[in-house]
Amino acid sequence: MLAKRIIPCLDVKNGVVVKGVQFRNHEIMGDIVDLARRYAEEGADELVFYDITASSDARVVDKSWVRKVAEVIDIPFCVAGGIKSVEDARRILEFGADKISVNSPALADPDLITRLADKFGVQCVVCGIDSYFDRETGKYWVKQYTGDESRTLVTKWTTPEWVTEVQKRGAGEIVLNMMNQDGMRNGYDLEQLKLIRGLCRVPLIASGGAGAMEHFRDGFKIANTDGCLAASVFHKGLIHIPDLREYLRKEGVTVRD
Amino acid sequence: MQNQKITVIDTGSANLTSVVIALRHLGADPVISTDEKTIREADRLILPGVGTASAAMKLLKERNLPDLVKSLTQPVLGICLGMQMLGLESQENMGESGESVPVSCLGLVNGTVSLMKTGDLPLPHMGWDQVSCVRESPLFKDIPDNSYFYFVHSYAMNVCADTLAVTEYGEKFTAVVQKDNFFGTQFHPEKSGRIGARLLNNFLNL
């Protein structure tokens, strides 16, 4: 049976891992590689690297660290952040990434998803969605440029509409980042996940809010997501991946041996 | 193995890097090529592929590769789309008006490739899934039955006379195929951790 995926996410800025990893300010290139290797060895099913320098700065970002990651891990990994063109994506895939994830640039230019899917196949194209629950309207809305607070804006898209749209355009996987939960470690927004699961024919990854092992279980068992992504609980050592796998197995979730 | 000549056939896909890295970790020194002499003289060949069957077959033809590949007698390993290209034909070819027109493949194994019927399960079939052996092969040496490998695909080859192993996702499909010197895996051994490395190593030691 297809195993549910445990996915650590590493935020990268100027070639070093930043958020959540308390390596102080002398983080060097090696840190990305060391963390990637550690998570792969501990049994992560895949890794996501989110380059947070990217979308907010309008410059070409050095992605050579992608190649270094590819050299040391033998599990799949996805690179997100600042991919605005087929050429950007090609460079990252040639460095050895398996998937590329687009978020803000896809909102600015939805046809980008189609061009990427046509060129590299839908299996390469992940769409990241930053979803925000607005109490006044009682709806989930998609936000753009969340990497830079001064530029963050609410789009015209409700999350269910955008989820439907990106699938039509060729997204092969959706990472739903639930912003109200992000960093809170109170668990994923299961109501939202269930709503989106019902609309999502491609693999769905939960992101934002994981703080305990039960949260992963609930994401998989209650919302039937294909993967659960988390950052700080892994970086801060609050959850150890081998323990999480053992726990999920006991809870009846199919995980890789 | 160190003296073996390993050639990765350049099918134009963007992610040849991972295959090359995985082979290097096993002590091999692969070259990426479309050159006839390099391909003929290789001891082992890898046929990778990502994208669509129609685009990949078109590219092989542009590079005059189909007849050359068919004439090879040394072990060849097709990976993912590279495995699907070993089959008779693939439905993965959208015509101008959006209808699916089967594209002829290399015809080296007796399977045909079509869109997976998964019912309510998400597509693409993406992630780690179990591979069950249906026929003994040295390719599976020291690999426990039902081991997990990494898959990412929407089209799959039916179970056929040349199937070595199957995976079930909605329905059973060919996960590993072999006829004579031609081998193929639907999953990505180069992305399947230690167990994937073992399979690649077995291929190099056939």
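Entry one, two helices. How are helix 3 of chain A and helix 5 of chain A oriented to each other? Before answering, I noted that this is a predicted model. I looked up the axes of helix 3 (residues 86–94) and helix 5 (residues 111–120) of chain A, and they come within 10 Å and cross at roughly 45°. Helix 3 of chain A and helix 5 of chain A are therefore oblique to each other. I also checked the hand of the crossing of helix 3 and helix 5 of chain A, and it is right-handed.

Next I wanted the residues behind that contact. From helix 3 of chain A I wrote down Val86(A), Ala89(A) and Leu93(A), which meet Arg115(A), Leu116(A), Lys119(A) and Phe120(A) of helix 5 of chain A. Sorted by class, the contact of these two helices has 5 nonpolar residues, 2 charged ones and no polar ones.

Entry two, the sheet in chain B. I found 9 strands forming an open sheet, in the order 2-1-3-4-13-12-11-8-9, with mixed pairing. Strand 2 (31–33) and strand 9 of chain B stand at the edges with a single partner strand each, so one side of each has no neighbour in the sheet. On average, and ignoring direction, neighbouring strands of this sheet are turned by 30° against each other.

I zoomed in on one pair. Strand 3 (residues 44–47) and strand 4 (residues 76–79) of chain B pair in the parallel sense, over 3 bridges. I traced Leu47(B) to its bridge partner in strand 4 of chain B, and that is Gly78(B).

I counted up the contact: 28 residues of chain B against 28 residues of chain A. On the side of chain B that touches chain A, the elements giving two or more residues are helix 1 (17–25), strand 8 (125–133), strand 9 (147–153) and helix 6 (193–204) of chain B. Strand 8 of chain B gives the most to that side, with 5 residues. By class, the chain B side divides into 14 nonpolar, 11 polar and 3 charged residues.

Methods:
Residues numbered from 1 in each chain as written. Chains lettered and ligands numbered in written order. Predicted model: local features only at pLDDT ≥ 70, side-chain atom pairs only at ≥ 80, totals over all residues. Axes fitted to C-alpha atoms, helices over the stretch in contact; angles between N-to-C directions. Helix = DSSP H or I, 4+ residues; strand = E, 2+ residues; numbered from the N terminus. Parallel < 35°, antiparallel > 145°, perpendicular 65-115°, else oblique. Left-handed = near helix turned anticlockwise from the far one by under 90°. Contact = placed C-beta atoms within 7 Å. Nonpolar A, V, L, I, M, F, W, Y, C, P; charged D, E, K, R; others polar. Pairing = 2+ DSSP bridges.
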